[in-house]
Each structure stands twice: as structure tokens, then as C-alpha cells.
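Good morning, and thank you for coming.

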Amino acid sequence: MVVAGAGSGKTDVMARRIAWWVAVDGVPKSRIVAFTFTRRAAEEMQFRIRQFVERVTPVGEDVTLGDMYVGTIHGFCVKMLRDLASDEYHNLDVLEEGARVALVQRGYHGTLGLPKLQSAMSAESGKKVGQFATISRFLKAYDLLNEYDELEVVLPTPTPPARLGDERDWCHGAEMKTDVGVGDVAEAFELAAGRLYAFERCRRFLDHSTSQSELLRLLRRDEGLIEALRERTSHLVVDEVQDINQVQSRVIAAILGETGHLTCVGDHRQAIFAWRGGRVEIMADIFEELSAEPYGEVIELTHNFRSTPRIIEIANRWAASIGAVQSMSSPDMEHGRTSREDEADGHIAALAFEERTDEADWIAEKILTLADPQAGLGAAMDVAAGEERGLTFADVAILIRSGTDARTYMRALQAKGIPAVFTGGDLFSQPEILFVMAALAVMAGIEKFYGNSKDPRSLPGRITQVLDCEPIPEAVLRAAAAALASDGLLVVDDVAYRLMLAARLFRARIEKEIGASKAEREMLATPDLRAFLARTGKVRRVFPQEIFHLILSEAGVHAWDGSGPRGDTAMFHLGALSALVQSMETPGWTSPSDFTYQVVALGNWAPQQARLEEAPLLEQPEAVTISTVHSVKGAEYAAVFLADVCSRRFPSSFAKRVESLPFESPVFDKIDPAELADNENLDNERRLMYVALTRAERFLAVTCSGKSSPFFKAVQGLIEEVGGETFDMDLAIGPVRLVEAAPKRENRLVSTFSDLRYYLECPHDFYLRKVLGFAPTIDQAFGYGRGVHNLLRAIHSEPARWSEIAINDSGQLRPELEKLVDAGLFYLRYTTGEPLERMQNRGLEIVSDYVLNYATELAELEFEPEREFETLIEEEQVLISGAIDLVRHDDPPTVTLVDFKSGEPESDVSSKLDREEMQLQISLYGVAAKKELEYEPEQGLVRYLGEADPDRRELKVPLDDDALAEARHVVAGTARSIKERTFESGPTRKPRDDRLHSRCEECDFMRFCGMPAAETARQGS
């Protein structure tokens, strides 16, 4: 065990440990697993491991990661489920939290029967429990059963139904075996929990908590798989061990057995996720076991390479207030980076203000002393020995305990022209988000936003606080438009009226099946919206992301894109909302009535509980980060303003509240809700404060307004003791030495070919899609290509069998393929009825044709379907990951790389590759196959499925040294441009469809893109 304090270089330690195993101990890379807490941490770990493996590997020998797994625990569990029981789990996707809420909302009444739980809880409490509160409490308890590995459900049959319409009866046949008690609440919960487990399986999903317990359930069902797991994994690294939960601990134990090798790294002072089931006591148990046994060792990393000496001293003194965890020690951190010394007393400060607005204004003023973009200067920050740069806005963070009043700080920054983005739940306190939510609500038929307006975390509470209007969509739309205009964004005078008209007409179209008049349509600006409103008749389904895009178009959001700091901020926030809207759509087919419930769920759940993903690819815009402390775990900033350390805020007045769970003994004896709450010493809150203090590298200010909290007084005392400023507001965070400003750039990039090709086609498309996170629209054919690939994977897993059927009994080929469809390998979430039948028939037809055409090849050769890879392009430090559709073993190591084009009917044209892109894709696969997989790729083939002309069935791609070198050159150049943030240009390729004038007309984001080419395309349409 490595006890690694803040800024101690734990990632380096873990990477060095793995490099030692590989180079010195000779451990095969495929037997090494490294668990990280986030995907972003995994990317950093991959680069570090490669760096250290290269240092200790003789020249000319393999320095790749090979089949080593580096990623999250739940990601590993999903991979093992797919590897160990492919037939059952290969086609299952991971369900993100927002999508799961949407799924539960859809099944609330019929499939899950949650009204029974709602009634039972209302009777138990003596007051009405709302639908959202029921869902929240239900999912909390469901997750706890998984996180303690206590969920056991018997499904009606091994294989869930393959069609949407057959789900309800099948789910009602699920039986939960976990004994959760006999009371009305417990029995209602038991019924719904078993059905949710079945419902997720029907839709081919595993959620995060279920994926981990599901692996343990699989291992219990088949003990032989435990040995298979241990045969492939012998050495394990676990990061952030202080935050693992019970089920993760059991997964680790299952991997290790009696002979596995474990290196775990963590810091009990930074255990901040007890409310999500993290148990710091698990780390303490491992600490005590390894301290007492001869086979174990505990190492303490005590040097902090992040912060200045005074910040380290403050953190050490604060850590002393945190209660001990069993026998674990808390060694003081030492100053480890000699170049990072304190330059002025005022760079560390603690100040109290009368009003929060005064506090926010002071923070804004001080940020302008740290970063002056007009002059191109910033406070000096050491970056390497003898080198320094000036700070930019992106080096600054305002951290708060909760996001309920973050808008005050945002407004103060905006008033001084400082761009800022919020990365947590306070996304829903931004007027651009409320503006769009109001339009969505009218389209969904919602007359008033649900929730307690006195609760500042609720959507009505945020509306009242930010816009000072009633939580009625029409009022919100008008007030939000006015707020956006006052912020300096281009908002035309009639936009609120026009958007309200569009929303009402849309509602009438899907609810009353009537179209809009020509005069009404001509008042709208969006051609696609006008076309939809011109039609009449029943609307069977809607597409939420498409609706979201139509709103952005009608609102004229394209004028914000690239318009300056406030526009960049608005687009960043709208990109985050796009991801949440996508979660609404993820569970599958959305009927008009489903759409109403999904918008209700979004408005109730997201403002309070949404945890936004890290930036999809790169960093945020050059803007100040405003975030909750929980959301910046693992991050670091040159300057940190820890704000709002007020009474009842930090520590939270809810910290010691024990939640009520809808089950009784015996489960209640194993899952104690008191473990999720804080103790009398408020140690969980103290750990959160420790995390906040240790994010700062050079500048740290702790502030409060009104009544200060005990935490503020204590920290202020510590800052005074080390010589920081606690009185003079002018001297605080000053004076500073200004030098030429330069942004902190990440010199590494993790991506995929699918991502890079967007940049090759249009840099701004890449920016909207991968940097800001806007999601594309989907159509009913979504999933068709994957269904075809699933069938091909099954065929190439047993090639001889399918060849024999094709040659000797071709009449059985179609019935055998239909069995795979019935098993769920061609599952489409977004369509049903005749379109489903047509697409499945088409898929069966082209796969049958493939087996017949290549029967001889299937009989004679071996294959690796969907071969995953990662390859590093060293010259630009870009790590490319992906999966080769098929590796054909011609004469190993000589192989052919095959990529299938399935000809998806009705699919989005923007997903298709042109000939040049396909050749680049195959060539990049060739680089990976030769460098990482140690094959000799002789050629690449693009196979067009369903092509009747034999001469056009394949495209051959040469994979000689020149072709591979060219692929590396293109990828390196693309990565260089991305890292330099060169995004302000439009499409670089002609349209795929010869009838169109511009690639913009095929783009997912043409309606709200700010590039001139997109504006031309909009005018043409």
C-alpha cells in the first residue's frame, strides 16, 4: 500500500510499479490490470506507463501496453462480462445515470409498478411523497444493494425478449431473492427492484453499480470462470483506494485470490465519497493487514510537488483535525518542489465579507490582477526549472461546497468581462439553460416546473433566484431572454415570442395531430421545424436531441458561437445540456407521452443530482472554472478561491442526516444508512475541506459572507499563523509579478480515429462535438450497423460451423441467423413494427450473403473479430484507441485487416466515410497491428456488405511502409492542430451527396454552428 498525500506524484509511482513488473519481474502485460477512478485518470496513467516502460526496455524491444487493462473498475467488470460470457453480455451497453433516470421514468407506472412504492412511502411518512422523490429514494436503495453485493434476481427466462413490445410481461415475471423485509415499503421496493434489473436487461443495459455486482454474480454461477479470470490477471494496481466500496473490494479479492500481487494507492484524508458508498475503512483494513503481515508493506509518500510551503503547512494543520481511521497514520506533507516558493504573504488569504455580492466582486477583481488578457500578461507561475509563464483565466478556480448560489460568482465575473464556466449542478442556474428548458417544457406540455421553489437546489428554486420570476415556462422564457441580452449575447427582440410560438405549435402537432397554418409557419426561422409543422396526422415518436437542435436553431444560437467569452461560456453550457438531453433519449423509442415524462425527469433530477462528465476530449474554454469541491477531485489550479465557507454551507447542515431506506432487516443489518452520513467530528466534511485546500498550487483565498462557519474561523486562524493575509483586502492575493501570459496546454492527446476524422472533415464540427460535447441527432436506424457487426462477430467466432452450414445446408443459414436475432444480437432500441422488421430482414439478408460468398475463407482461416488496440504516435504524443472489425490470419504473423461497411438504411449521412477516409482508417489500423499487436499486415480490405457486383464488393488498401508512414503523418498533424486549438474553420471536404452544395448541409450541427460556411448553408436551405 502506498499512502500518497496530495500532490505527491502517485500516478508516477503506480506507473513505475507497473514498469518494474514488466521489465524486471517479467510479468506479461496481459496479466496486469490498473484501476483508476476516472477515464481521464486512466488516460494519464497510460501515458506514464509507456514512458517508464520505455526507459527500462532495451532498444528495439516492445514498449507498448499490449493487452494491459488501464481504466475504471466498472469498465473492467463490463469487459470481463463480455470476455467471459460473450453470448450473454457482449451486446449490453453501460447506462449512464441520467439515462437510467429516463428509463425508470418511462417504466414508472406499467413496467416497474413504482406507484405502489410511492403510496407505501407516503403512508409511512404521513405526507405525500412525490414521484421524483420516489425515484431518487428507490435508485439510492437499488444502488446500495449492488454496492454491497446483495442484489439477487431470478429472471423469467435466460434470454430477454428481443422486441420493445414484449418487455412488460417479461419484467413482471422477475423475482428478487434478496430478503429486504416484510413491510409495505419493503415489499413494494422488492417488486420494483427485481423489475428494474429485468428492464435494464430487456433494453440491453447494465448501469454502473450493477455492472460490478453482475460480474460477481457470474463468477458465483460458474466457479470455473474465477480461475479463468485469475489466469489472465495476476498483478493489480488500484488508485484512490480510499474511495472504493464493498462490491469493488470483493471484485479486487476475486481477481487476486491467494496468490495475486496488489499495489493500492490512496489517501484517507481525501476520502470524500462516503455519501456514494465509498468506505475509507476498507483502506484502513488493508493498511492494518499489510502492516502486520510479512508479505505486505506500507509506503508513505510525504513530498508535495504541487503547492508552495505555506499551502502545504495549512493543509497539514487542517489534516490534524480529521479523526483517525483505525490505526492509519497521517504523516505531514513536505515541500517537494524547490522552485515553487512563496513570493508574498498576501498570496495566501482568508477574508470575511458582509454580503455575498461583495465577496464575489472582490474575487472578480483579484482574478483580474492574476490574469490580464488585454495586456497579454499574467501572474508569474513556475512551469519547469528556470522557466515560467503568466497565468490565464483557465488557471483559476472558484470552489464552493454546493452549487446553490454559484450564480452570484458567475454574475460578478461576467460584469468584469471574465469568462467562466460551471461544471456541476449549477449548470441549471445559467440563463441559457433555463431559456432552452422553458422551450422544452412547453413542447412537452408542462404548464409549470415541478419542485419546491424554496429549495435553492430545485429547478423552481433556481429560476426564482436567477430570473426572479414564476416557474412557469412562458415567464421563464421571457426572463431568460432578457438576461441573456443583458449579458451581451445577441438575442433578437422577438425571440421569446417566436420560440414560444414554435413550442406551442410543436405541442399541438404531437398532441392534437394538427399542423400549423402557413402564416404561423412563415413566422419561424427554421426550415426543418416549418416542414414538421406543415404535416398532419398521428406522431408516433419524437427525437429529443432533434428537438433540442431545433430550439437552438430557432433561438439563433449560431450568433453566440465564436462571439467572444460570454458566447463561448454559453456554448459550453449548452454542450453540457446536450449530453443530458442525449441521456433522455438513450433508453430507446420516445413516444410523445414519453417525451413529457422525460422533460419532467430532466427538470427534477438534473439540477440536483446530475454529475457532468469530464470534458469530452480536451480542456474547457479559456475561462475561470466555478465548481463544487467534489467535482475537482484530482485537479489542480494555480489559483484557488474557496468561497462561500459560511454557516450551514460548509460544513453542510445536512452532513449528519441519516437517509431513510426502503428496506428492513436482514439487509438493513448489512447496509447501515448511518455509514453514509458524517460523524460527530464531521470528518467527511473535514476531508472535503482538505481536498479543497490542496487543489491550490500558488494562490489560495478562503472567503465567506454573512455568518462565517466554524470551518472558516479555523482555516482563517491557520492562515494567520503561517503569515497569510486575513484583514487587508487590497494586500490579499497580492502583490503579483506579471510576465507574458501563456495557456497551460496538455501536450498529450487521447483520441480515436472516429474522433479525428471529424477534425479532418471540419475543425469546428470537432470543436462542437468533442470539445464542447454537443451530441448529434439520431434516427430510427440507429444501432443497425452494430446489429450487423454483432452477427458478423458471432460468425467469425465459429467460422468453421458457419462455413459448413453455408456449403452443406444453405437452407438452414437464415434460420440459424434468426436464432441470433432472437437472442438479442440485432436489438434496435429506436424502432419497432414494420421499420424494425425491414431493417432486421435487410441485416439477415446481407449477412447471409456474406457467409455464402466467403464460405471457403471461413472454412480455411482463423479470425479475430473486433480486435481492440491502442497505439501511440510518438511524434505528437497522441494515443489512438479503437477496434479493428476483423483480423484475418492469412499466415501469421501475416494478416489482413478487414473493415465492414454495412450500408445502414436511413442512417445519418454524416456518419459515413468517404474513400480517402476509409483508406486512412485501414492504414491507421495497420500501424497499430504492426506496432502494438506484432502482426505483419499485408493488406487492408474494406468489404461492402450487400453489394451485388463482385467487382465492387471489396476495396483493397495497401499497407506498405509508405502507407503506414503517411497515416502516422496525417494523425500527427491533426493532433498538433487540435492541441493548438485550431478550431475556427469550416469544412475541408466536398459533400458526400453530389446534389448538395456544401458539406455543412450534411452536418449534425449546421443549424447552430457559427462558421460563415454554415450561415451560407442555412440561407440556402
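Let me begin with a question: is isoleucine 733 buried or exposed? The model before you is a predicted one. In this model, isoleucine 733 has a relative accessibility of 2%. Buried means under 20%, so isoleucine 733 counts as buried. Isoleucine 733 is located in the loop between helix 28 and strand 22.

Most residues other than glycine have a negative phi, and most peptide bonds are trans. Isoleucine 733 is not a glycine, yet its phi is positive, at about 55 degrees. Proline 735 lies in the loop between helix 28, residues 710-721, and strand 22, residues 738-740.

Two other places belong to this topic. Proline 892 and proline 893 are joined by a cis peptide bond, with an omega of about 10 degrees. Proline 893 sits in the loop between strand 25 (878-891) and strand 26 (894-901). Arginine 648, which is not a glycine, has a positive phi of about 75 degrees. Its loop runs between strand 20 (637-642) and helix 26 (667-670). Arginine 648 has a relative accessible area of 61% and is therefore exposed.

I turn now to another arginine. Where does arginine 389 lie? Arginine 389 is part of strand 16, residues 387-390. With 10% relative accessibility, arginine 389 counts as buried. Its side chain makes a polar contact of 2.8 Å with the side chain of aspartate 395. Leaving out residues up to four places away in sequence, arginine 389 touches several others, among them Met381, Val383, Val739 and Glu740.

Next, consider helix 16, residues 406-415. How many of its 10 residues are buried? The number is 8, so helix 16 is largely enclosed by the rest of the structure. The buried residues include Arg407, Tyr409, Met410 and Leu413. Just after helix 16 comes glycine 417, with a positive phi of about 75 degrees.

Threonine 596 belongs to helix 25, residues 592-609. Its relative accessibility is 18%, so threonine 596 counts as buried, the limit being under 20%. The side chain of threonine 596 reaches the backbone oxygen of alanine 444 at 2.7 Å. Apart from neighbours within four places in sequence, threonine 596 is in contact with Ala444, Ile446 and Arg507.

An open sheet of 6 strands has the order 3-2-8-9-1-10, and its pairing is parallel. At the edges are strand 3 (69-71) and strand 10 (299-301), each of which pairs on one side only. From one strand to the next, the twist averages 10 degrees.

Within this sheet, I would point to one pair. Strand 8, residues 235-238, and strand 9, residues 261-266, run parallel and are joined by 4 bridges. Valine 237 stands opposite threonine 263 in strand 9. Which helix lies across strand 2, strand 8 and strand 9? That is helix 12, residues 246-256, running at about 160 degrees to strand 8.

With that, I conclude, and I thank you for your attention.

Notes
Residues numbered from 1 in each chain as written. Predicted model: local features only at pLDDT ≥ 70, side-chain atom pairs only at ≥ 80, totals over all residues. Heavy atoms only, no water. Helix = DSSP H or I, 4+ residues; strand = E, 2+ residues; numbered from the N terminus. Buried < 20%, exposed > 50% of the residue type's maximum accessible area, 1.4 Å probe, protein only. Polar contact = N/O pair within 3.5 Å; in protein donor to acceptor, adjacent residues only side chain to side chain. Contact = heavy atoms within 4.5 Å. Pairing = 2+ DSSP bridges. Axes fitted to C-alpha atoms, helices over the stretch in contact; angles between N-to-C directions.
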